[in-house]
Amino acid sequence: MYFCRRKGNFMKKVLISASIISMAIFGTACNDKKEDSEKEEKTEKEAVDEKPVDENTESETVEVSKDPHSFSNPYEVGTKHIHLDMTVDFESKTIHGIARLDLIHHDNKGKFVFDAKGLDIADILLDGKEEVEYKIIAQDELLGMGYEIPVKPETKFVEIHYNTTEHSEALQWLDPSQTAGKKHPYLLTQGQAILTRTWVPCQDSPTQRITYSAKVKCDSDLMAVMSASNPVRKNDNGSYDFEMKQSIPCYLLALAVGDLEFAEIGPRTGVYSEPSMLQASHYEFGDMEKMLIAAEHLYGEYKWDRYDVIVLPPSFPYGGMENPRLTFATPTILAGDKSLVSLIAHEMAHSWSGNLVTNATWDDFWLNEGFTVYFENRIMEKVYGKEYADMLLLLSQQDLRAEIEDFKANDNMKDTHLKLELDGRNPEDGLTAIAYDKGAFFLKMLENKVGREKWDEFLKSYFDKHQFQTMTTERFLAYLDKELLSTGDYEVNIDEWVYGAGLPESHVEIKSSKFEEVETAMADFKNGKSATEVAEGSAEWSFQQSLHFVRLIDEDISTQQMAELDKAFKFTNSGNSEVLSAWLVKSIERGYKETDERIINFLMTVGRGKFLRPIYAALKENGRMEEALEIYSKAKKNYHSVSVGWIDDVLLAEE
Ligand code: BES
Ligand code: ZN
């Protein structure tokens with residue numbers, strides 16, 4: 001066996017047990033200057049004992065690494081359960097909330113620290129009666145504020161009375177005109193990675209888990225749903241009760257309020273959406289129960305009781321978000337032919353990788369996303385066959401290669417390591433094809449080395465043994481070595497994958513005759529075969545093949561040829577958002593202007609960052625900056641703060 005341990009591999013760890021490593025406390029003075037808080041944070045980090053990881057002893061104690069993206073102190077006094085009492089006021093676009101945080105005392109140093117950002121905190125009470133003074137011990141533009149309050153070992157709960165503000169970045173308040181039905185307003189939240197603290201004061205770190213319950217009051221013509229047990233119909237009083245009895249990291253707290261209806265798909269699965277989209281959503285996700293059964297066959301029992309999906313308005317900034325029991329999804333996957341359901345497989349797979357076994361810090365993000373892309377592909381293979389799944393893997397490999405080229409061009413190969421270093425940066429910087437696709441290809445390589453049967457057995461027991469726990473990269477690698485690699489004679493260079501740059505040579509090669517067919521079609525077209533004839537041969541193509549074809553359009557293709565392709569393939573009218581958005585980018589690059597109207601319409605209605613970014617970037621890079629800025633100035637009101645951040649980066653950031 002060759003398992004090369006990373007030299008000098010130290011992990012900052014804190015053990016929640018009798019022997020707790022002492023942490024330096026923050027200064028007592030209230031400071032609100034960024035430099036001060038940075039200095040103090042550093043003092044704390046330096047004080048964290050650094051110990052080598054012992055991969056041979058699976059500690060009984062719970063290891064928690066210090067999270068650089070939270071000011072909270074769950075290793076001293078943590079939160080067991082949160083109860084939320086919230087009134088959603090569409091008039092003032094405010095949530096009036098009371099958050100009751102039930103405490104768990106590990107190594108009480110007399111203080112409890114929670115995170116909040118953009119919240120107006122009114123009162124804080126201990127055990128429901130004693131009002132306490134809080135101290136703001138840290139303040140940072142990205143992370144928000146650390147609130148410290150004194151707590152005694154016998155303090156049971158902290159009650160925080162607060163209001164959200166216009167700076168509550170997790171929230172998107174939509175006017176009726178921004179919804180499908182045009183009659184009712186809508187509210188949605190996005191917590192991952194560090195935005196939950198902008199709508200719920202909490203110890204906002206994935207290193208710790210909470211259960212939660214909630215009461216949400218809203219207008220009686222609306223329905224509220226959460227990442228918890230959910231209603232299936234509206235009630236008369238607009239008051240809804242929720243319970244999430246399985247423990248989750250705070251980034252999975254989620255809420256949506258709107259004119260919602262529910263339709264059942266299978267015994268454990270169903271879909272929520274505005275009434276006008278319900279039928280289409282129900283059809284599109286018709287295979288969901290089958291997918292859940294496939295997932296369970298692969299990696300063990302589904303632990304969250306129900307799996308439902310809510311199809312949100314198009315402004316949702318992501319494709320999907322794995323909020324437990326209730327995946328949040330973009331309507332851009334409603335292609336009408338079930339062709340984009342791999343996204344559902346992805347969010348469903350997070351019910352194991354991410355929600356059951358959770359990345360300890362955002363530096364370990366690949367443990368969430370790489371495992372999930374891998375698992376997603378296995379679900380797709382089980383339900384739709386290997387040929388279909390392999391095409392998805394090839395697209396994922398194309399994304400990965402393109403991203404690595406970008407990192408190379410920016411001389412930033414460090415961010416192509418699976419294990420990231422995001423201290424002092426926005427965790428969103430880790431949202432790249434590296435965590436997702438390099439992560440998945442790493443696991444694919446391991447599967448290939450040890451054989452599928454052994455690999456699947458290993459993965460199943462990995463999820464089972466670490467369920468409802470957090471995981472660091474180092475702890476996973478130690479487990480991998482102990483339980484799998486050391487049991488046979490495997491040549492595996494883990495380091496080059498996890499701590500090395502780019503895509504290692506040892507990656508699995510995937511071949512697809514379906515993609516070869518597409519490559520031939522493009523070559524034929526370039527050699528003079530008419531677009532109509534090429535299109536005739538593409539009648540049976542999957543969306544992956546169409547997307548591959550569009551991606552093959554390069555500088556050899558003239559504007560005239562773009563027009564011919566469009567006429568024959570009808571790309572500008574494609575109902576498949578993946579194909580359409582790729583085509584729109586190519587049309588900008590190739591100077592094909594017939595798509596201009598479609599581009600404006602797309603940018604005005606869709607808020608999904610994955611699609612917006614490349615389109616705005618293409619406009620900018622192809623001498624159409626003014627147009628881009630003009631569209632953005634009108635479209636911005638339809639985007640969630642997360643997407644606004646991305647587009648600002650694309651269009652407004654200094655080079
Ligand atoms: N958990 C992610 C979304 C996310 C990651 C939000 C980090 C905030 C911070 C979700 O599971 C995801 O990966 N969504 C993808 C879809 C997927 C099929 C790759 C997306 O939104 O495009
Ligand atoms: Zn994901």
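By class, 7 nonpolar, 6 polar and 4 charged residues make up the shell around ligand 1. Here Ala, Val, Leu, Ile, Met, Phe, Trp, Tyr, Cys and Pro count as nonpolar, Asp, Glu, Lys and Arg as charged, and the others, Gly among them, as polar.

A word on the source. This is a predicted model: local features need pLDDT of at least 70, side-chain atom pairs count only at pLDDT 80 or more, and totals for chains, interfaces and linings use all residues. Residues are numbered from 1 along each chain as its sequence is written, chains are lettered from A and ligands numbered from 1 in the order in which they are written, and side-chain values use heavy atoms, without hydrogens and water.

Back to the ligand. Which residues come nearest? Gln 192, Gly 319, Glu 322, Glu 347 and Tyr 436, of the 17 around ligand 1 (a heavy atom within 4 Å).

Now polar contacts (N or O pairs within 3.5 Å). A nitrogen atom of ligand 1 sits 2.6 Å from a side-chain N or O atom of Glu 322. For Glu 347, a polar side-chain atom is 2.8 Å from a ligand oxygen atom. Alone, ligand 1 exposes 520 Å², and the protein buries 88% of that (Shrake-Rupley, 1.4 Å probe). Helix H4 gives the largest share of the shell, 3 residues (helices are DSSP runs of H or I, at least four residues).

Next, helix H14, residues 559-569. Its buried residues are Gln 561, Met 562, Leu 565, Asp 566 and Phe 569 (buried is under 20% relative accessible area, exposed over 50%, 1.4 Å probe, protein chains only). Exposed Gln 560 and Lys 567 are on the face turned away.

How values were computed
Helix = DSSP H or I, 4+ residues; strand = E, 2+ residues; numbered from the N terminus. Polar contact = N/O pair within 3.5 Å; in protein donor to acceptor, adjacent residues only side chain to side chain.
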